[in-house]
Amino acid sequence: MTLFHETGWAKINLALHVRARRADGYHEIETLFAFVDGGDAIAAAVSDADDLTIEGPFGDGLSAGADNLVLRVLALLRDRYGAARVPPLAVRLTKTLPVAAGIGGGSADAAAMARLVRAHFLPDVGDAALARLVGTLGADIAACVASATCLGVGTGAELSPVPELALGGTPVLLVNPRAPVATGPVFAAWDGTDRGPLFTGADLRAQLFAARNDLQRPAIAQCPAIADILTELGGLGPWLARMSGSGATCFALFDAPAERNAAAAAIAVRHPGWWQMTGALR
């Protein structure tokens, strides 16, 4: 039996500006997506029927039925390109990223499934076509297909490259209080104030310093531990610390791996119950 493998890379929002509420219930946003070199793992093999098994430290309680985004992507690709090209797969998803955590989670897994199918069964399907198709299942999925730093506007699905953000290899620390935060209520609690567009300029750090996450305040109202994490991270020497997405995961960017590792060690001692992941931006 041949096993195919792919990774659902953790997503972070370096910045997330909410500009307006839309009549359809979504929001107009501007966000800078970046991705970490670690995440959930997918393994798949050709089988008699589609099947999903979920394991790992954050797998408990997740649906492995047809409503799971991994199987929905598989069904969508089969509907589009035909059963002759997209065979049934037995899929094993190992969840190492916390759920409802602002770091991609299900969207990253869906995108990983799409890349896996494309790599082994649909090699003629281009990146843009794949992202457009599976992006219909969720606003973040299109960005997660490429898993590369980019600007997202509209609902976050209209993507463009940002070559000036040359962040590949930047040491990063992710911290989560092991408290899920639902995206919908956080967006609903946004105060409706447009605080302006993303700053653009030649100075990378100035650009990121001037940016913000407009969901941070409503997320902290639902999960006060986010403020504690940001306070802890801010005192450990990063050049940027911010909440990702709708929370509760926060990230810190460092100049050197040794600084990141020292910060991770300090967090582990002070808050052994918090989840954390070290890595680098892709």
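This report covers the nonpolar core, helix packing, selected residues and backbone geometry of a predicted model.

## Basis of the model

The structure is a predicted model, in which local features need pLDDT of at least 70 and side-chain atom pairs count only at pLDDT 80 or more, while totals for chains, interfaces and linings use all residues. Residues are numbered from 1 along each chain as its sequence is written, and side-chain values use heavy atoms, with hydrogens and water left out.

Helices (H or I, at least four residues) and strands (E, at least two) are DSSP runs numbered from the N terminus.

## The largest nonpolar core

A nonpolar core is a set of buried Ala, Val, Leu, Ile, Met, Phe, Trp, Tyr and Cys residues joined through side-chain atoms within 4.5 Å. Buried means under 20% relative accessible area, exposed over 50%, and partly exposed in between (1.4 Å probe, protein chains only). The largest such core has 40 residues, and those with the most contacts inside it are Ile42, Leu77, Leu89, Val91, Met113, Val117 and Leu122. At least two residues each come from strand 1 (4-21), strand 2 (27-46), strand 3 (51-55), helix 1 (69-81), strand 4 (89-94), helix 2 (105-121), helix 3 (127-134) and helix 4 (141-146). Helix 2 gives the most, with nine residues.

Contact here means heavy atoms within 4.5 Å. Not counting residues up to four places away in sequence, Val117 touches Leu74, Leu77, Val86, Leu89 and Leu122.

## Packing of helix 1

Two packed helices are described by the angle between their axes and the distance between the axes. Axes are lines fitted to C-alpha atoms, for helices over the stretch in contact, and angles run from 0 to 180 degrees between N-to-C directions. Helix 1 and helix 2 pack at about 35°, with their axes 8 Å apart. Their crossing is right-handed; a crossing has this hand if the near helix is turned clockwise from the far one by less than a right angle, and is left-handed if anticlockwise. Helix 1 contributes Leu69, Val70, Val73, Leu74 and Leu77 to the contact, and helix 2 contributes Gly106, Ser107, Asp109, Ala110, Met113, Ala114 and Val117. By class, this contact has nine nonpolar, two polar and one charged residues. Ala, Val, Leu, Ile, Met, Phe, Trp, Tyr, Cys and Pro count as nonpolar, Asp, Glu, Lys and Arg as charged, and the others, Gly among them, as polar.

The axes of helix 1 and helix 3 come within 10 Å and cross at roughly 115°, again with a right-handed crossing. Val73, Leu76, Leu77, Arg80 and Tyr81 of helix 1 meet Leu130, Leu133 and Val134 of helix 3. Seven of these residues are nonpolar, none is polar and one is charged.

## Helix 8

Within helix 8 (residues 225-234), the buried residues are Ile226, Ile229, Leu230, Glu232 and Leu233. Seen down the helix axis, they fall within an arc of 165°, so they line one face of helix 8. The arc is that of the directions from the helix axis to the C-beta atoms. Thr231 and Gly234 are exposed on the face turned away from the buried side. The buried residues pack against strand 7 (171-176), helix 7 (216-222), strand 8 (240-243), strand 9 (250-253) and helix 9 (257-270).

## Selected residues

Trp275 lies in strand 10 (residues 275-280) and is buried at 8% relative accessibility. Leaving aside neighbours within four places in sequence, its contacts include Phe58, Pro98, Ile103, Leu174 and Arg178. The C-alpha atoms of Trp275 and Pro98 are separated by 8.2 Å, although the two residues are 177 apart along the chain.

Leu52, in strand 3, is buried with a relative accessible area of 6%. Ser63, in the loop between strand 3 and helix 1, is partly exposed at 31%. Beyond four places in sequence, Ser63 touches Leu52, Ile54 and Asn68.

## Backbone geometry

Most residues other than glycine have a negative phi, and most peptide bonds are trans. A cis peptide bond joins Gly247 and Ala248, with omega about 10°; Ala248 is in the loop between strand 8 and strand 9.

Ser147 has a positive phi, near 50°. Ser147 sits in the loop between helix 4 and strand 5 (150-154) and is buried, with a relative accessible area of 3%. Arg178 also has a positive phi, near 65°, and lies in the loop between strand 7 and helix 5 (183-188).
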